[in-house]
Amino acid sequence: MLQPDTPAKCCSYCGGRDHDFEECPKRKADAEKEEVAREPEPAAGAESGQV
Ligand SMILES: [Zn+2]
């Protein structure tokens, strides 16, 4: 069950063992979602007529 050739990967994000935290597809998806979620939020009265 344990493969000596395979490094022990354990994603600390979703708990997956087939990838690292850096390669976590879920983390990437969440990161994209966060970026998208940040855009539609208008700055209420932050920039009023400033160029
Ligand atoms: Zn993961």
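Two residues are in contact if their C-beta atoms, placed from the backbone, lie within 7 Å. The model is predicted; local features need pLDDT of at least 70, side-chain atom pairs count only at pLDDT 80 or more, and totals for chains, interfaces and linings use all residues. Residues are numbered from 1 along each chain as its sequence is written.

The protein chain holds one helix and zero strands (DSSP runs numbered from the N terminus: H or I, at least four residues, for helices; E, at least two, for strands). Helix α1 covers residues 25-38 and spans 20 Å from first to last C-alpha, close to the 20 Å expected at 1.5 Å a residue (1.5 Å times one less than its number of residues).

Of the 51 residues, 0% are buried (20 or more other C-beta atoms within 10 Å; exposed, 12 or fewer; partly exposed, in between). Zero residues of α1 are buried, so the helix lies largely in the open.

H19 sits in the segment before α1. H19 is partly exposed because it has 16 C-beta neighbours inside 10 Å. Beyond neighbours within four places in sequence, H19 contacts K9, C11 and C24. H19 and K9 lie 10 residues apart in sequence, with 5.8 Å between their C-alpha atoms.
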